[in-house]
Amino acid sequence: MSLIIVANRAPFRLTGEGLVPAVGGLATALLPVLEARGGTWVAAAEWGERGRTAQPRQSKIRLERVFLSDREWQGYYGGFSNRILWPLCHYFLEKIELRREYFQDYLRVNRRFAEAVARVHREGDTVFVQDYHLLLLPGLLRERVQGPIGFFFHIPWPSSGVFRILPWGRALVEGVLGADLVGFHTQEYVENFLRTAAHYGFTVEGNRVRVGERFVRVEAHPLGIDTYRFLELSESPEVGAHARSLRRLAGVDRLILGVDRLDYTKGIRERLLAFERFLQAYPHWRGRVALFQIATPSRTQVAAYRELKRQVDEVVGRILGGFLREDWVPLRYFYQTYTQEELAAFYRAADVALITPLRDGMNLVALEYAYTSTEGVLVLSNLAGAAEYLKDALLVNPYDLDGMAAALDRALRMPAGERQERLRALKARVEALDAQSWADRFLSSLEAG
């Protein structure tokens with residue numbers, strides 16, 4: 001029996017040499033499992049990619065593409081997934097655009113995915129569906145295929161009261177409940193989903209939901225990082241040399257680091273405001289500390305993201321205007337994309353990582369920093385899923401600017417012994433959350449029934 005993984009994106013990049021594996025995230029967690037078992041990855045592709053497809057070289061993996069017209073892509077992905085589900089699940093209710101045509105496109109594309117899976121599926125194959133782009137798919141597959149169906153939701157499942165804003169809430173929950181096993185990163189999201197299912201009239205018994213004559217299990221399976229890869233990076237001489245050059249660039253005693261996609265859920269603007277408050281409230285750190293903020297460009301065609309960039313640029317300018325001196329640059333803002341190796345150098349250079357999303361399903365950057373750093377302090381939002389597991393970080397409320405400023409001061413003053421003790425505990429937790437064991441754990445639970 002083989003494995004079929006279904007996700008919005010393929011785990012490969014198309015290059016002149018064909019398809020090469022992507023690095024990080026789902027690809028890191030799932031590709032080795034798919035390679036070991038053999039099977040198919042089903043993913044969306046925009047219409048313009050027709051004729052440019054290829055199969056991964058020297059691989060037991062087959063890639064099945066679901067080609068979408070520009071209209072379908074804009075409605076299903078740009079519309080329903082990213083203008084409705086993304087803001088709703090992260091509690092940004094003012095950014096939701098409830099448009100019926102978005103749902104129609106989302107339904108149509110989920111049906112297209114179901115047809116693609118049915119084409120490659122053989123009786124007994126295991127299907128593992130990924131994330132908020134495909135909430136309807138498990139239910140559509142239940143009617144078409146025989147074999148275990150798993151579904152994993154990688155962003156926060158919101159409270160039942162918030163989810164009920166959606167006119168299509170019942171249809172989405174019924175879609176998810178087509179699976180045999182539903183996974184979330186944290187127990188909080190599990191409980192939110194169970195309450196949502198109960199609201200729509202489903203019987204909930206413990207962590208199971210009754211659907212007709214069968215039960216759907218709902219479990220927390222936190223996703224981690226590729227610990228082997230980050231251990232290599234933490235010990236790499238090249239990464240170490242790059243880290244030292246970054247320290248020289250900073251030219252200060254202490255370096256603080258923020259790393260995010262430029263997304264309104266990541267709290268970059270609030271973090272910069274907290275850093276400004278820190279410089280105002282703790283003037284003895286002026287000239288001795290600097291913040292490097294990395295912001296990876298994201299969804300630049302969406303108006304809300306362009307507006308966010310404008311707001312962030314404005315705060316960056318104000319901090320530099322208020323504090324910059326000839327011998328001290330308090331803030332460097334890097335609006336660009338970095339490789340894993342380059343990010344690892346930033347992690348090793350930083351004395352403090354300030355990872356303060358306003359809401360986040362997990363946040364793997366926090367895990368990457370904790371595993372790569374040799375003596376740093378992790379300051380982490382208590383609204384990130386990772387906070388449930390990384391209790392030895394300094395946990396902060398990302399909306400509380402004074403609280404974040406105080407946590408920064410504490411992190412920068414923390415004695416070496418306490419820093420090392422916290423970091424040892426964090427590394428042990430990250431080790432236990434290894435990305436590939438996440439996939440094995442989930443699939444073992446799914447197939448055990």
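G183 has E219 as its bridge partner in β11. Strands β8 (residues 181–184) and β11 (residues 214–220) pair in the parallel sense over 4 bridges, where pairing requires at least two DSSP bridges between two strands. Strands are DSSP runs of E with at least two residues, and helices are runs of H or I with at least four, numbered from the N terminus. This is a predicted model, in which local features need pLDDT of at least 70, side-chain atom pairs count only at pLDDT 80 or more, and totals for chains, interfaces and linings use all residues. Residues are numbered from 1 along each chain as its sequence is written, and side-chain values use heavy atoms, without hydrogens and water.

**The sheet**
- An open sheet of 9 strands has the order β5-β4-β1-β6-β7-β8-β11-β10-β9, with mixed pairing.
- β5 (61–68) and β9 (203–205) stand at the edges with a single partner strand each, so one side of each has no neighbour in the sheet.

**Strand β1**
- β1 (residues 3–7) is mostly covered, with 5 of its 5 residues buried (under 20% relative accessible area, 1.4 Å probe, protein chains only).
- L3, I5 and A7 point one way from β1, while I4 and V6 point the other way.
- In a regular strand, side chains alternate between the two faces of the sheet.
- β1 runs parallel to β4 (residues 39–46), joined by 5 bridges, and I4 has T40 as its partner there.
- β1 also runs parallel to β6 (residues 126–130), joined by 4 bridges, and the partner of I5 in β6 is F128.

**Residue L93**
- L93 lies in the loop between α2 (70–89) and α3 (100–120).
- L93 counts as partly exposed because its relative accessibility is 36%, between the buried limit and the exposed one of over 50%.
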